[in-house]
Amino acid sequence: MSDRKFAVIMPRRVLSCWFFGLLLLAACSEQPVKNKTQLEVRPQPSARRTKPAEPPRSYRMADNQNSLHLLDADTRLQAGDTQAAQKALDKINAEQLPPELFSKYKLLQAQVALSMGDAEQALKKLEGVRPAILTDADQIAYYQSAAFVHALLGDVLPSVRARLKLGRLLQKPDQQKQNIIAILDALSVLPLETLSGPSPIVDELSGWMALAKILKQRNVTGFDTAGQIQQWRQMFPGHPANADYLQAYLNPPPVNQQAAQEPEQPAQPPAPGATIAVLLPSSGSYASAAKAIREGLTVAHRLAASAAPQMPLKYYDSEKDDIANVYRQAVSDGAKQVIGPLVKEQIQSLAQSAELTVPVLALNHVENLSKTNLYQFGLSPIDDAEQLVQKAKRDGQQNAVLLTPDTTQGQRVRHYLMSAWQAVGGAVVGVESYDPKQHDFAAIVKNLLSPSVSVNGQKQSLALFVSASPELARELAPQLKYSQSSELSVYAMPNIYSGRQNPVRDSELGKINFCDLPWVFGDAYTGALSQQAVQNTWQSLSDSQVKLVALGIDAYNIIGQLPQLAGSSYAGATGRLSLNNENRVTRKLVCAQFKGGVPVASGFVE
């Protein structure tokens, strides 16, 4: 029986597991790798070895150049720069590569194809790899890639077999637990008759299938799950899941402790004619933002549809008519859920002029607005300010000064920062604003930092909360550097980082702290919808639009389970998402610090 035909019913949670650690393959191999370089080759066992003939000097030089290009491609790929990695691979003459470097070359080609979403091309490249001659780190990368590729193509058992081999290489308990969860999730999509198929050999795979069969029936009334698992333990005493790792699947941690994942979708096919209506502007000043959100919605919907039938997205131009009329038309057309509008005035107008018979997930936030079936979700500076303040408080800061733009939005951000800081017991000892069109901040910085905070003549540490675009921050940072003392710590709102790494220009940012979307950090939000995995959707967007792709991804993923967010959080691309008592989706962010021009994540603020 072919496995491929089960692809359309694979739950979305399964697909997210396949990308477990794919962007951090080097990190996954900390323990397996024993002082080996990425391009080192293990000697093959042989009773007798003869010294090979010395290759011509031209070949030795070519081999060295190819090795450097491979190393460059690997480094670029780990940094998330797929295009640069491909350019480095294009410089390699594959015909000159010895077997071990050729396998490394094919593996990198497969990873590039995966990052571009081309699973079939990735599989072709993986077929040219000989994993036995790769380093331990690259073997992990190979089997992770193979597992993910087969999962995307709907080949369940080949994907699981790759994970079985991966499990023998992983050393860290957390990685082994995640691999076990991925195996069981994959097998859970197979029908009972497949899991019950005759197996003449009691081996590891048959043990996994027997366990998956038990777990598939654990919610059936009268089924003795505990007794069945006990019998399974006796039948497969040495099985990898026959340890405490099985508890990771039977008793998963709370959602807010899990790695980023896609929420479960209804198993039932959508009703004929049912749609998800998306109300976004096709013209006007918000059209570019809407385009980025639409990209996120599209990739999230496409991934979900590859696993199970989904309601189609149907777009409506929110600028064509009164927003209440647009909403009524969408409902009349069969909309069961509505995403949008984006513009604050339209959200307010919709709340005041229409009865919301189907739930609406508005993509912005209007304060003091409440209505049945209206949920608000956006990249709100309220969350940004609260998370930044929590980070500074955790760092032991007590006194702060604020520097924000002299604009309406800047005044709003200043209010959020001041309110949040005072709410945690902090003291605001100085406030300044600046003209975003100016470039000389020396006088402002001097005024802001001149009233030194001291106790008994001793300078105390001072936190500077700042809101600035990447361009302005790069001009401000050097002036802060020359004016500041070692007691000043800088905490910036997330607009300091566009979401695109720029180590050369951002090297001026020193050690500025900021908190931002998990999606912009490669190790904080992984999977098939990670920033690196969907880079084709945002590379052509402007810096101000990039993060809105993540908003679109999360909007699609949570639209069907909004009430549940009131009781538990969801690990999304834009943060750990929860629903407050005003039906606003709040976000917990990942904090980071610029080091050498590159943001290095330190984790969520708890």
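Tutor: In β16, Asn-513 has Gln-593 as its bridge partner. Please note that the model is predicted, that local features need pLDDT of at least 70, that side-chain atom pairs count only at pLDDT 80 or more, and that totals for chains, interfaces and linings use all residues. Residues are numbered from 1 along each chain as its sequence is written, and side-chain values use heavy atoms, with hydrogens and water left out.

Student: In which sense do β12 and β16 pair?

Tutor: Strands of a sheet pair through backbone hydrogen bonds, either parallel or antiparallel. Here β12 (residues 513-516) and β16 (residues 590-595) are antiparallel, over four bridges. Two strands pair if DSSP finds at least two bridges between them; strands (E, at least two residues) and helices (H or I, at least four) are DSSP runs, numbered from the N terminus.

Student: In what order do the strands of the open sheet lie?

Tutor: The order of the seven strands is β7-β6-β10-β11-β12-β16-β17, with mixed pairing.

Student: How are two packed helices described?

Tutor: One gives the angle between their axes and the distance between the axes. For α7 (residues 136-152) and α8 (residues 156-167), the axes come within 8 Å and cross at roughly 160°. Axes are lines fitted to C-alpha atoms, for helices over the stretch in contact (heavy atoms within 4.5 Å), and angles run from 0 to 180 degrees between N-to-C directions. The helices α7 and α8 are therefore roughly antiparallel (over 145 degrees).

Definitions and conventions:
Parallel < 35°, antiparallel > 145°, perpendicular 65-115°, else oblique.
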